[in-house]
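Visitor: I would like to learn how to read a structure like this one. Where do we start?

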Amino acid sequence: MIKTGALLGREEERQRLQVLLGHARNGRGGSLLITGEPGIGKTALLGDAAGAAGLSLLHLDGVESEMTLPFAAIQRLIIPLGGRLPALSERQRQAIQVASGLADGPAPDRFLVGMGVLALLAAAAAAAATPVVCVVDDAHLLDQESLDVMAFAARRLAVEPVALLFAARDENGFAGRMGGIPELALAGLSQEPATALLRQSLSAPIDPASAAAIARATGGNPLALIDLAEDLSAQQLGGLGLGNDPIPVGRHLEEHYVRQARQSDPQVQQWVLLAAADTTGHLDLVTAAASTLNLAGDVVDRAESAGLVELRETIRFRHPLVRSAVYNAVSGAERRRAHRALAAAADQVGMVELEAWHSAKATLGTDAEVADRLEHTADLAARRGGFASRASILTRAAELTPAGLIKDSRLVAAAEAALIAGAVHIARELLDRIDQPAADRVDRGRMIVVHRSLGLFAADPAVMTHATAELIRAADEFHGADTEREQRTLVKAFEMFCVITDRSMQGVSQQDVGRRLEAASGLGNGGSATILAGLGALMMRPYAQAVPPARAAFDAILELPGDEMMHMGSVIAALGTFLWDESGRRHALERAAAAAREAGALQALDTLLWVLSLAELTGGTVRRAEESLEQVREVRLAMGYDAENVINSALMAWAGAPRQVVLAIADGANSVGFGGVGAAAIAALGVRDLAEGGYRDAYDRLKPMIDDPFLQVTPTQYADFVEAAVRSGHMNEALPYTGLLNELAAVNGSAWCRGVAQRTQALTSHDTAAERHFLAAVEALGPTGAEIELARAHLLYGEWLRRMRRRREASEQLQAAIRHFEHSGARMFLPRTHAELEAAGVKPVTSNDSGTPDLTSQELAIAQLAAAGHTNPEIAANLFISVNTVDYHLRKVFQKLGLSSRRQLADRLKASDG
């Protein structure tokens, strides 16, 4: 409750809030997290800001009992905003309604719900024609899903007249969970305003020495000062200030409230305990529970008269400390009695989840029936996308379950849910409670899968290098008991080996993994079997035999629904690269990314964009790789992570980062088991050596990788090795790989592969035959998306022509190479190309054509979607921003490019994309 004078000494804090509100009035949204200890003035500061004129106010309080109910706070938030739901896109509207329990449907990702809430707040501001200020008090008591949603919306505010204000105790690293939101940490009042507040709150004067002593002893805590002034006389306060008794602040302030509550009659104490145990503030529920305890009908009025609670739409305590004081001061038996009464009341009105929660609180020891009801509640949470809540509820269900297989299964399920929610340390603690040898086979397999994921989060080298072997072991546990889990786990084993650990895999051989994949493909028909057969063939069979099943697997992935395809990014990249299908690979990854955006699955989108960024460096362009990485940064900012930690070491090598930095990152990646990351960085440095004319260095860097081939990756490095070998005097070593590339191209029918093969053939041919192969390389690569490979073909052909003293033709090829290097972003090849052009007697002219000058990654993404015909609401939904933000950036795009229509934009982007 906000008291008069409670904002003494808060001038700087108030100014900061006024600036934030001023920005909202001018259409620039923002957010702020206010943290501090209980009673420090967080709520008062929020109230002061919310009382400013010309604002539409929304208020949301965190309540403890809802912490295990997914999206409970969001459900309360949308009650006053329900009339604005039609303004949302259909999928955002459905996501909010399903999450809030107002409709049935697929479980929504919490970030999609967050996008819906952002759009809802923007729509509310537009309808009210005034800025919307949403105040979230006691945010640390929000359920995890609602907290994630509100934090997401706060981070994505841009050009909306909306301000989001949070107040919370910074407990258990709460501020860290709100990453990306500015924080204002409140301390106690300084000496002068603290003593002024005390004097102002007293009805009689107090001597200055006592006032100063109390101000110091309370640490300037406003609530402590105000409540002491209300509850004690000036004489008593003087005694506190000069005596040895503890001042009621912090723990002592809670004890002070306990003493207050115990001054009430026993029935009031029981009723207040019910209200404290419930914490929903649901007056009818508490009244019904009071009736089961035979409390008098007027007890609620007496509780309010005692000054412990306020009765409005809901029951509100004068301060959260009063609630915790009342609840914690009684015995466990008294608390369980209160929860039993509340469970009975909840059952009477059909509050299934609340009944299960209170029943669990009322149970001492184990109770299989209550545990079953809790598990049902956890299933309901999962249907609404509440995996953090599911983890918490299942954990309690397991605690109530007698020892045995059912208990273990619930703990495993809780760990799986915690992992999905990102609560890694909780997942690990839950697994540690299980006696793994005693668990049944399926649960043992599930535990292995979770352990592997935890190792990936922690980058534990011991876990990483053996992860593929462990996943094979998990699949063996599932064999004969759960075919779907077995097949899904084997796909994960392939991903771990093929994309992550690479040559650092231990504990199992490539042949063993391949055989296990092929064996599992025979367990059934359908897409999963086809995909496993293709992956097994990729690992086991000669190339000519492997291409048909690999192509069938790739096509089967394209037939998957979006919610499955979005989790297949690594497999798409591996198969697409194996088939040398750069166009199919890119389009499939983009389709999967679109599905992830559609579902609001930011974690899946993060992975897909990362894979796309890496894949574009072979058979693509540096420009598209950089665009994808920029999108990764945007996604991580939206999720609350530090985008500065987004590092693609292979792309760094292409972008000109110091070699020692790239090598250090590669060594670090290898040391923790990310062999794929390290190998990609080394390969990229090898290409950079070629670009800079360091042919001997390129040969030395690439030869160990060629001598130790790795699945689909090494064949894409053959051409680089051939160029390095030929130019460093190792022609005999280059010839076999030219032949291998021609064999691959004859089987896969890929223009990319054929063009690269022809280019290497030209390098290893006598001068009289070389030109035919160079021309064939340019012709094959021209229509593909492998623009860097095309540019390199032009460069090598131009160099050959210059040596043949055909300078005019050399100039044409070299200038074509420059255009493609610039357009593709492969600028590290430009010095070598410029030098050749100058040697041909032509002064190089750099066009600096980036295709879309001065566009940020977000502007470019918006421009591309607009050019493709998407409406502003569709673009907003795809990029997790508001419609206002889309409109703002699209206007900037038109201004920068000098355009006036979307048709012109489409033509410009089409031209710039070649």
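Guide: We start with a term: a residue is called buried when its relative accessible area is under 20%. In this predicted model, both Trp580 and Trp752 are buried.

Visitor: How much of the chain is buried?

Guide: Buried residues make up 57% of the 914 residues.

Visitor: How are the rings of Trp580 and Trp752 placed relative to each other?

Guide: Aromatic rings count as a pair if their centres lie within 6.5 Å, and the angle between the planes gives the type. For Trp580 and Trp752 the centres are 4.7 Å apart and the planes meet at 55°, so the pair is tilted. Trp580 sits in the loop between α31 (569-578) and α32 (582-599), while Trp752 belongs to helix α41; the pair links distant parts of the chain, 172 residues apart.

Visitor: How many aromatic pairs are there in the whole structure?

Guide: The search finds 13. One of them joins Phe111 and Phe152, which are tilted at 55° with 5.8 Å from centre to centre. Phe111 is in helix α5 (residues 110-128) and Phe152 in helix α6 (residues 144-156), so this pair ties together parts 41 residues apart in sequence. Both Phe111 and Phe152 are buried. Rings can also group: Tyr699, Tyr718, Phe721 and Tyr737 form one aromatic cluster.

Visitor: Which charged residue lies over the face of Tyr327?

Guide: Arg335 does, at 5.4 Å from the ring centre.

Visitor: Now the cysteines. How many disulfides does the model contain?

Guide: The cut-off to apply is 2.5 Å between two cysteine sulfur atoms. By this rule the count is 0.

Visitor: What is the overall make-up of the fold?

Guide: The chain has 49 helices and 7 strands. Its radius of gyration is 33 Å, close to the 29 Å that the globule rule gives for 914 residues, so the chain is as compact as a globular protein of that length. The C-alpha trace spans about 110 × 60 × 55 Å along its principal axes. Of the contacts with a separation of 6 or more, 69% are between residues 24 or more positions apart.

Visitor: Could we follow a single residue through these ideas?

Guide: Take Ala50, which lies in helix α2 (residues 42-50). Ala50 is buried because its relative accessible area is 17%, with the cut-off at 20%. Beyond neighbours within four places in sequence, Ala50 is in contact with Leu57 and Val135. Arg688 is 638 residues from Ala50 along the chain, and their C-alpha atoms are separated by 57 Å.

Key
Residues numbered from 1 in each chain as written. Predicted model: local features only at pLDDT ≥ 70, side-chain atom pairs only at ≥ 80, totals over all residues. Heavy atoms only, no water. Phe/Tyr/Trp six-rings, centres within 6.5 Å; stacked < 30°, edge-to-face > 60°. Helix = DSSP H or I, 4+ residues; strand = E, 2+ residues; numbered from the N terminus. Buried < 20%, exposed > 50% of the residue type's maximum accessible area, 1.4 Å probe, protein only. Lys NZ or Arg CZ within 6 Å of the ring centre and 35° of its normal. Rg over C-alpha atoms; globule rule 2.2 N^0.38 Å. Contact = heavy atoms within 4.5 Å.
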